[in-house]
Amino acid sequence: MEKTQRKTKDITKIAILAAMIYLGTYFIKIPSPNGYAHLGDCMIFVSVLILGYKKGALAGAIGASLSDFLGGYMQWVVPTFFIKGIMAIIMGIIAEKLFPKFKYGWLVGASIGGLFQIIAYTLVKIPLFGYAYAIARIPGITIQTIMGIIFAIVIITALSKTNLLEKLKEM
């Protein structure tokens, strides 16, 4: 495949997955104590498996921060861009570099990336809203993260059983 065709294909895949992450974050909200869970984190994990950690991180950062931007949460756009991107990088590096042969390496990576997300959002909340607020919101971000991992397990298992995950990687 020609280099410009490959670049166009990569940009298109990143854009499509960023759009899916945006849609999963912005429109599909599941109420939970202390906030809501959404499908955005799940779609970030799926994106990393399809695109690899670099392109998956870019799709995750763009899609999630776009959701904050269009949702009116301007104070979260930049932190979300970096937090979601780093979460995806952590997941991808663990899955691709540390456990490339382990079927559930992505799950280990998603869990550690999710832990990073919980800590990072809590640290960002401290200067924005105060220490007490930041600590009080830990259960909400924890539930959101766990739900994202659970949704990812369901979707990735289904995609793997149908070989669709492999086909999406090859496209």
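Biologist: How many salt bridges does the structure hold?

Modeller: This is a predicted model: local features need pLDDT of at least 70, side-chain atom pairs count only at pLDDT 80 or more, and totals for chains, interfaces and linings use all residues. Residues are numbered from 1 along each chain as its sequence is written, and side-chain values use heavy atoms, with hydrogens and water left out. A salt bridge needs a side-chain nitrogen of Lys or Arg within 4 Å of a carboxyl oxygen of Asp or Glu. On that criterion, the number of salt bridges is four.

Biologist: How far apart are N and O in the salt bridge of D10 and R6?

Modeller: Both residues sit in helix 1, four residues apart, which means about one helical turn between them. Helices here are DSSP runs (H or I, at least four residues), numbered from the N terminus. An α-helix has 3.6 residues a turn, so residues three or four places apart point the same way. For D10 and R6, the N to O distance is 2.8 Å.

Biologist: Is D10 buried or exposed?

Modeller: Buried means under 20% relative accessible area, exposed over 50%, and partly exposed in between (1.4 Å probe, protein chains only). R6, at 30%, counts as partly exposed. D10 has a relative accessible area of 13%, so the class is buried.

Biologist: Which residues are linked with D10 in a network of salt bridges?

Modeller: K55 meets D10 in another, at 3.1 Å from N to O. D10 lies in helix 1 and K55 in helix 3, so this pair ties together parts 45 residues apart in sequence. The partners of D10 in the network are R6 and K55.

Biologist: What distance separates the closest N and O atoms of K169 and E166?

Modeller: Both residues lie in helix 8, three residues apart, about one turn of the helix. K169 is partly exposed at 34%. E166 is partly exposed at 40%. Their closest N and O atoms are apart by 3.4 Å.

Biologist: Which residues does W106 contact, leaving aside neighbours within four places in sequence?

Modeller: Contact means heavy atoms within 4.5 Å. W106 is among the core members that touch the most others. With its sequence neighbours left aside, W106 contacts L49, M91, A95, A152, I153 and I156.

Biologist: What is the area of the nonpolar surface patch?

Modeller: Patches take residues with over 30% relative accessible area and no salt bridge; like charges are joined within 9 Å, and nonpolar side chains (Val, Leu, Ile, Met, Phe, Trp, Tyr) within 5 Å. Areas come from the Shrake-Rupley method with a 1.4 Å probe; for residues, only the protein chains shown count as cover. F81, a patch member, is partly exposed at 31%, and helix 4 gives the most to the patch, with four residues. L58, I62, V78, F81, F82 and I86 together make about 500 Å².

Biologist: How far does helix 7 reach from its first C-alpha to its last?

Modeller: Helix 7 has 24 residues. The expected span is 1.5 Å times one less than the number of residues. The reach of helix 7 is close to that expectation, at 34 Å.

Key: Core = buried A, V, L, I, M, F, W, Y, C linked by side-chain atoms within 4.5 Å. Helix = DSSP H or I, 4+ residues; strand = E, 2+ residues; numbered from the N terminus.
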